[in-house]
Amino acid sequence: MSGAEWQLVGFSLRMALASLLLVFPVGLALAWCLARKHWPGKALVETVVSLPLVLPPVVTGLVLLQLFGRRGPVGSWLHHTFNLEVVFTWRAVVVALATMSLPLFVRAARTAFEEVDVKFEQLARTLGAGEWRVFFTITLPLAKRGVLAGTLLAFARALGEFGATIMVAGNLPGRTTTLPVAIYQAVENGEDAHAWLLAGVSAIIAFAAVFVSEQLLRRSK
Amino acid sequence: MNNAFLTATFRKRFPGGPEIVADALQVGGGITVLFGASGSGKTTLLRCLAGLEIPDEGEITFAGEIWFGQRGLRNRKPGATLLPARLRGVGFVPQDYALFPHLTVAGNVGYGLQALPAAESAARVLETLRWLGLTGLEHRRPGELSGGQQQRVALARAVVRRPKLLLLDEPLAALDTPTRLRLRGELRQLLRGLGLPTLLVTHDRFEALALGDQMVVMAEGRIQQSGPVTEVFNRPANLAVAHIAGTETVLPASVVKVVDGIVTVAVGDVKLVAVAPDFPAHATAAHVCIRADDVILVADVLPPASARNRFSATVVAVERDGPLLRVELDCGFLLKALLTPQAAAEMELQPRAAVGVLIKAPHIHLIPR
């Protein structure tokens, strides 16, 4: 593989992991609130979070483009407050990947939390534990397998994301191009061998991710 | 009951469920048994005390501290006092123990000692495990323990924090019958040794007799009667209590001798002989239980100190109980008997009449204390 190809693989991996860093805390908090609490607007939040699963990714990308564009509500705020540009930068890649993988993670984590019997949490409270301690010492460890599975799903989704990424981050080689976009580009340009090489690399990464998570699951038994 | 630590008056209703009313519940020192049939609301009451359920209205106080307050409260309206479960200092042992499956025995028992320095916490865990005979099991997971061991780990986890009040929900119900019978006596020794105010839920009258000092009877979601265990059994306040307590005479007795499965006990001045092959040799006290329909009455007055389990008595009262008559007898202690109206007529049974009483030794049931 050439230097440019290594750079592409490294960039895609970094973007997927960065999106996980966003998805993990937000997704855990959201999943816990959905699994354990009743609050007004819960059904609405549930729907909005799941929307990227059912909408065409290109539509999600279009919405993100509107929100994060320099004239969009989030984009203009970030521009004026932090002088940050999002659209057509690596930040847009992370936002697109996170948005697309969040619903998968939240669904898996929420189910995992719901499967933890509240009797353990209640007992921990009678032993003097506050809500944070209950979450980190009882709920999360008991939901570990489901959360891990959700993390793998989210990572896989982030690595394969195409439609939303290309809408909001474009295809700037070396700056915003991810593996799926590069494969598409290669086929477009008639570079079939290059496309197959990148496809192979994607397969290896996917295989490694599944393997690592299986190992973690086995160890957590 | 004097010197009550816990006093509670509250009501709680789950949507679509029956209303549970705790009226003037008191728990003092020693072991109080909360007794009642399944579905009578015992567990709900216990969970309200532990802070795991919020009563609809009422008051719960413990030694002057308000755990739940403000009458007329519904859905946590402002102004209510609600001390969360974690601040109540209650040791809670649920029916299925709820041992944390991902933690070891030591991890489970030490869970509530987070505020202590690690060394002190570890020492206290070991001390508690030793006291309960669990030494060597520190690194096991709950799934690798027998039912009896799980029960003691759950007890250890609850008492290691030195709680102000111990709440046990059917502590023996999850065990198989031989283990349950063996642990019944052991549990009483452990609980007595702790000396904590304890409220123990059970639906088993023998468990109530074996473990309790005081007793609170619940039926149909309400507290029907409270008092010393023997008093509740012997003088049920109403039909509901009589029904769940059974038609039994329950008497405190001291053990005189145990020979080859034949146990002689003394109830006041009267000696009774019972067949009890499993009676522990070290027991010095017992509750004697005699079912009313096992008591045989004869017209002849028997001489005092005649053969075993035969004595004379005076009729105190005769009452109808369905098709039968319930006769209360004074034979040095109060004894209940059931017989047909025909038999009573033949014997000319009436208050103050003298009769002879016979009870076969196998019909005298002993519960070691």
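Trainee: Let's start with helix H2 of chain A. How many residues does it have, and how far does it reach from its first C-alpha to its last?
Mentor: Bear in mind that this is a predicted model. H2 of chain A covers residues 42-54, so 13 residues, and it reaches 19 Å, close to the 18 Å expected at 1.5 Å a residue.
Trainee: Where does H2(A) have a kink?
Mentor: At Val48(A), shortly before the proline Pro52(A), and the kink is about 25 degrees.
Trainee: OK, zooming out. How many helices and strands does chain A have?
Mentor: Chain A has 11 helices and 0 strands. Its C-alpha trace spans about 65 × 45 × 30 Å along the principal axes.
Trainee: And what share of chain A is buried?
Mentor: 37% of its 221 residues count as buried.
Trainee: How far is Glu346(B) from Gly227(B), going by C-alpha atoms?
Mentor: They're separated by 38 Å, and they sit 119 residues apart along the chain.
Trainee: Last topic: how many residues of chain B are in contact with chain A?
Mentor: 13 residues of chain B, and they meet 14 residues of chain A. On the chain B side, that's 9 nonpolar, 2 polar and 2 charged residues.

Conventions:
Residues are numbered from 1 along each chain as its sequence is written. Chains are lettered from A and ligands numbered from 1 in the order in which they are written. This is a predicted model: local features need pLDDT of at least 70, side-chain atom pairs count only at pLDDT 80 or more; totals for chains, interfaces and linings use all residues. Two residues are in contact if their C-beta atoms, placed from the backbone, lie within 7 Å. Ala, Val, Leu, Ile, Met, Phe, Trp, Tyr, Cys and Pro count as nonpolar, Asp, Glu, Lys and Arg as charged, and the others, Gly among them, as polar. Helices (H or I, at least four residues) and strands (E, at least two) are DSSP runs, numbered from the N terminus. The bend at a residue is the angle between axes fitted to the seven residues ending there and the seven starting there. A residue is buried if 20 or more other C-beta atoms lie within 10 Å of its own, exposed if 12 or fewer, and partly exposed in between; C-beta atoms are placed from the backbone.
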